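Hi there,

Here is the structure I promised to pass on. Please have a look, and read my notes below when you have a moment.

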Amino acid sequence: MAFERALGTGIIISSSVPIAQRVEQRIRAFVDEYESVLSRFRADSLVSRMACAADGGDFEFPLWVQPLFAIYDDFYNATHGAFDACIGADLLALGYDNSVRFIPQSAVSTGKNENSSIDSWANYRRALPVTWADISRDDGGTTLRTNQPVQLDFGAAGKGYFVDLVTQIIKEELSGDSPSNSDSPADFDFLVNAGGDMRACFSNEDYQIKVALENPFDTTQAVAVASIASGALCASSSARRRWKVKDASYLGKDASGFESNLIATHLINALDGIPACDLCASWAYVSSKTCDFPTAYADALATALFVSQESDLQKIVQTTSAEFAVMLPNKTLRKTRAFPAHFFAA
């Protein structure tokens, strides 16, 4: 079953049993609901209304968003603010809106303006007008209170979180489970793949599937094959969602001395607004046995590895029993001992 334009990347669901039309309709309806709340690319979304509210206000999100807020709390605190949903302001300033045209890794020159060098961004200065910590919220609540416009972007974990919620829907519908026990093993096999962020659910806990890991230096090739059991595998890469910053007027007073045609990526460090360049790719695996929202945490971890030190993330890694691997610009590989993949020799 395919949802071609859902969440900007498309979603493919593969199942060992037929998925009824009513289940497909429920998932399609939830895609629309999810985007109507969290998409900054939809003018009618709740996130967009927050961005347009001149004096801020109280914005009530659905109850299903609460775990996502908690995940952003965890990663914001762990990374000392480098991982921040308010990064939407930076992405817009650099030109990442509905009109952006992405360029593939192979099309980027290796000259002065390549974003692998931090010197290219030496003249860029900014401070986020609002951070995640500035937004008022009752403990465990889903109402965000602001006093000015706030441009939120939940792309760092939102797609993975959506995959987890769709997984719950499939289990409820095909197993007849109630939401309270929908995390129990299903008696059928299925895979939810949202643009490469995937959640596998197998009736046999020993069953595994093989997944190719993309080479960030040549996206037509793989650098490894992962073998994953029930759980989530997510990746982040500087080879994806790259664009040229051609219009320095986006940056206002910060545009003075700003170099033209810089290469930006969506992997922004919220502390300085600069695209992360210490890594080329990251992969994270979280078992469904150790975490209620494995895809959300794997998705967030894959991004956080770009903008933070691995040592800052150890508590989250240990709590979720996550395994991960990263590749540096010099093609050096670092990984945890049990990361379930075989990497090919260089």
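What follows is a short tour of the findings.

This is a predicted model, so local features need pLDDT of at least 70 and side-chain atom pairs count only at pLDDT 80 or more, while totals for chains, interfaces and linings use all residues. Residues are numbered from 1 along each chain as its sequence is written, and side-chain values use heavy atoms, with hydrogens and water left out.

First, the overall picture. The protein has 7 helices and 15 strands, taken as DSSP runs (H or I, at least four residues, for helices; E, at least two, for strands). Of its 346 residues, 53% count as buried, meaning under 20% relative accessible area with a 1.4 Å probe, protein chains only.

Now the rings. The whole structure holds 19 aromatic pairs, that is, Phe, Tyr or Trp rings (for Trp the six-membered one) with centres within 6.5 Å. F61 and F69 are edge-to-face because their planes stand at 75° (over 60 degrees is the cut-off), with centres 5.3 Å apart. F61 is buried at 3% relative accessibility, and F69 is buried at 0%.

Elsewhere, the charged end of K331 sits over the ring of F217, 5.1 Å from its centre; the rule asks for NZ of Lys or CZ of Arg within 6 Å of the ring centre and within 35 degrees of the ring normal.

Finally, the cysteines. The count of disulfides (cysteine sulfur atoms within 2.5 Å) is 0. C86 is buried at 2% relative accessible area, and C201 is buried at 5%.

Best wishes

Conventions. Phe/Tyr/Trp six-rings, centres within 6.5 Å; stacked < 30°, edge-to-face > 60°. Buried < 20%, exposed > 50% of the residue type's maximum accessible area, 1.4 Å probe, protein only.
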